[in-house]
Amino acid sequence: MSALLEVDGLAVEIPVAAGTLRAVREVGFTLDRGETLCLVGESGCGKSLTALALMGLLPRRAVRRARQLAFAGRDLLSLDEAAMSDLRGDRMAMVFQEPMTALNPVYTIGNQLVETLRRHRPMSRAAARDRAVEHLERVGIPAAASRLCHYPHQLSGGLRQRVMIAMALICEPDLLIADEPTTALDVTLQAQILALLARLQRELGLALLLITHDLGIVAHVATRVAVMYAGEVVETGDVAAVLTAPRHPYTRGLLACVPVPGQVAPDAPLGTIPGIVPSLVGEVAGCAFRERCAEAVAACATRHPAPVTLGPGRAARCLLLEGVSR
Amino acid sequence: MSEAPLLELTSVERRFRVSGGLLRPRREVHAVNGVSLAIGRGEVLGLVGESGCGKSTLARLMLGLLAPSAGDVRLAGTSLALLPRKDRARRVQPIFQDPYGSLNPHRRIAAIIGSPLVVHGIGDRAERRRRVEEMMALVSLPPRLASAFPGQLSGGQRQRVAIARALVMRPELVICDEPTSALDVSVQAQILNLLQELRRKLGLSYVLISHNLAVVEHLATRVAVMYLGRIVEEAATRSLFAAPRHPYTKALLASVLTPTPGLPLPEVAIEGGYPNPLAPPPGCPFHPRCPEAMPLCRDVPPTASARARAGGGRVECHLYAGAAAAVGQ
């Protein structure tokens with residue numbers, strides 16, 4: 001049986017003044033119910049655009065291409081906008097980083113929850129309102145019924161993010177995409193929201209695609225992880241394998257950069273990745289990471305590395321793993 | 001006679017009057033409430049706490065950009081209020097969080113870094129250029145960027161410009177307010193290493209304000225934990241991370257997610273959100289969220305007591321009042 005979400009050869013191109021920005025170039029992964037896949041990478045690596053491409057929410061001028069984009073057995077590439085918007089919010093839903101900009105400031109949260117529900121399920125306002133209260137309670141909002149008449153600005157950041165999650169889950173979707181859901185929150189709230197997502201995922205059997213730049217979050221919530229760099233998935237696998245035995249030089253570099261209490265001596269420098277992310281405008285030749293890579297060889301400038309399978313569900317894109325010698 | 005600490009805060013308070021709402025009387029927020037701290041030469045004081053705890057207000061008080069409502073901020077023994085503005089700016093400099101907002105987009109990099117020299121009337125044109133070039137080399141900015149505009153630089157490069165501008169006057173103390181939170185991890189590591197290296201080379205002292213405890217642990221020599229305008233615990237970094245005393249410090253440390261797979265999500269013992277600073281809870285301000293709260297905590301604000309541990313420090317919590325050694329394992 002095929003997975004709930006199957007992505008292969010996904011590319012997103014955006015026309016810019018200087019040419020074509022190849023923001024997402026070769027992204028592929030599968031995701032099943034009950035799994036949490038973390039897309040991890042630094043700004044500009046294409047992780048958010050990947051999510052928007054799945055949801056069909058790309059900016060109008062962006063071009064989406066893929067060899068395969070299948071969700072619950074349906075080919076997303078062939079769906080028109082009307083069919084996509086039936087799916088969106090119902091079978092697949094998304095939570096964004098900044099709840100203040102994702103919630104409509106001029107409608108009460110009750111209104112927004114009820115509208116979402118009634119868009120997909122024929123039911124009376126009263127029944128929808130009851131469901132809304134139920135869902136607010138499930139995400140741990142105290143005095144849920146009294147919150148329905150509140151506007152987003154009347155809630156704290158943590159409560160707003162809970163409302164966002166309640167709204168995303170109100171139609172009980174199969175897939176939830178969360179794009180940096182805790183980045184705007186304090187650490188104690190971050191732990192609460194991540195625990196909430198993990199609990200809801202267990203209870204509802206969701207497939208969770210979590211986008212983050214924080215390897216600490218990855219380690220604690222992911223079952224599998226896909227590391228992105230310059231629009232490509234450069235390494236993927238089981239979370240324990242990727243974090244404890246990274247095979248791609250970028251993954252290794254990224255892990256060395258993170259200060260971990262008690263692990264780096266106070267006066268020792270942190271590991272760094274020199275240089276900056278390359279421009280993705282125009283044709284990208286060879287390996288996009290080569291200029292920042294300490295292990296790069298001559299072939300890296302000309303040959304584009306293909307994913308090398310390193311075990312079940314484990315792969316990395318690096319010529320060194322293809323057996324190209326130094 | 002012992003030398004006065006580089007920066008010393010004595011019972012510093014800062015209140016703001018805020019609108020209470022339409023037709024309602026104005027109300028007062030106690031953003032910083034009775035803070036006493038000392039920063040010695042060569043020290044890095046980490047200041048941690050959640051949004052709204054008063055970290056940034058405290059930073060502005062330390063910079064002399066805000067005057068305290070009560071108490072005193074002294075730089076090497078002299079009250080900041082008595083120091084001329086330029087003297088103060090020469091000796092204490094800030095680095096802000098957002099390298100996009102803190103650099104004038106219409107000025108060239110060399111002019112931005114050199115502007116403090118112009119303001120203070122230091123050197124002639126050639127001398128200033130020499131010092132700017134020296135600073136750029138020190139923060140590893142390639143010389144070709146001297147004539148670039150901030151818009152042409154990456155986030156990491158912009159933060160290097162901000163650091164160069166802060167250091168061009170050779171200050172003694174640098175107040176870093178979330179210096180890396182707008183940056184990616186790989187760039188964050190570069191900037192943290194740079195700050196560490198500059199401290200050694202130039203003998204600087206830092207106040208490092210951050211919500212990222214791992215960053216603070218890496219750079220700070222001492223850590224102060226802030227909650228609702230008060231320092232609730234303060235100790236040497238190693239001692240604080242090894243044996244946190246205050247329940248709030250414990251919860252903060254438990255919330256740090258390390259990239260070690262296989263660990264469960266931390267059980268955050270503190271519930272609910274941050275209290276409204278306009279209506280702080282009575283007694284200990286932390287008691288509504290505290291898993292170890294006692295009846296006493298609801299009514300009586302705790303006072304500072306010494307941490308019963310080598311490395312010193314203090315904690316503001318009833319659990320450790322009086323017989324600190326007996327209660328704190």
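A:Tyr151 makes contact with A:Pro105 and A:Thr108, leaving aside residues up to four places away in sequence. The model is a predicted one.

**A:Tyr151**
- The loop between helix H6 (144-147) and helix H7 (157-169) of chain A holds A:Tyr151.
- A:Tyr151 is classed as partly exposed because it has 15 C-beta neighbours inside 10 Å.
- Between the C-alpha atoms of A:Tyr151 and A:Gly253 the separation is 44 Å, and the two residues lie 102 residues apart along the chain.

**Domains of chain A**
- Chain A is assigned a domain 1, comprising 5-91 + 173-322, and a domain 2, comprising 99-170.
- Taken over C-alpha atoms, the centres of domain 1 and domain 2 of chain A are 30 Å apart.
- Contacts between the domains of chain A involve 13 residues of domain 1 and eleven residues of domain 2.
- On the domain 1 side, helix H8 (residues 187-204) of chain A gives the most, with six residues.
- That side of domain 1 of chain A consists of ten nonpolar, two polar and one charged residues.

**Sheet in chain B**
- An open sheet of eight strands with mixed pairing runs in the order S6-S7-S8-S3-S9-S10-S12-S11 in chain B.
- Strand S6 (92-95) and strand S11 (304-306) of chain B each have a single partner strand, so one side of each lacks a neighbour in the sheet.
- From one strand to the next, the twist averages 20°.
- S11(B) runs antiparallel to strand S12 (residues 314-316) of chain B, and three bridges join them.
- Opposite B:Ala304 stands B:Glu316 in S12(B).

Technical notes: Residues are numbered from 1 along each chain as its sequence is written. Chains are lettered from A and ligands numbered from 1 in the order in which they are written. This is a predicted model: local features need pLDDT of at least 70, side-chain atom pairs count only at pLDDT 80 or more; totals for chains, interfaces and linings use all residues. Domain bounds come from an automatic or database domain assignment. Two residues are in contact if their C-beta atoms, placed from the backbone, lie within 7 Å. Helices (H or I, at least four residues) and strands (E, at least two) are DSSP runs, numbered from the N terminus. Ala, Val, Leu, Ile, Met, Phe, Trp, Tyr, Cys and Pro count as nonpolar, Asp, Glu, Lys and Arg as charged, and the others, Gly among them, as polar. A residue is buried if 20 or more other C-beta atoms lie within 10 Å of its own, exposed if 12 or fewer, and partly exposed in between; C-beta atoms are placed from the backbone. Two strands pair if DSSP finds at least two bridges between them. Axes are lines fitted to C-alpha atoms, for helices over the stretch in contact, and angles run from 0 to 180 degrees between N-to-C directions.
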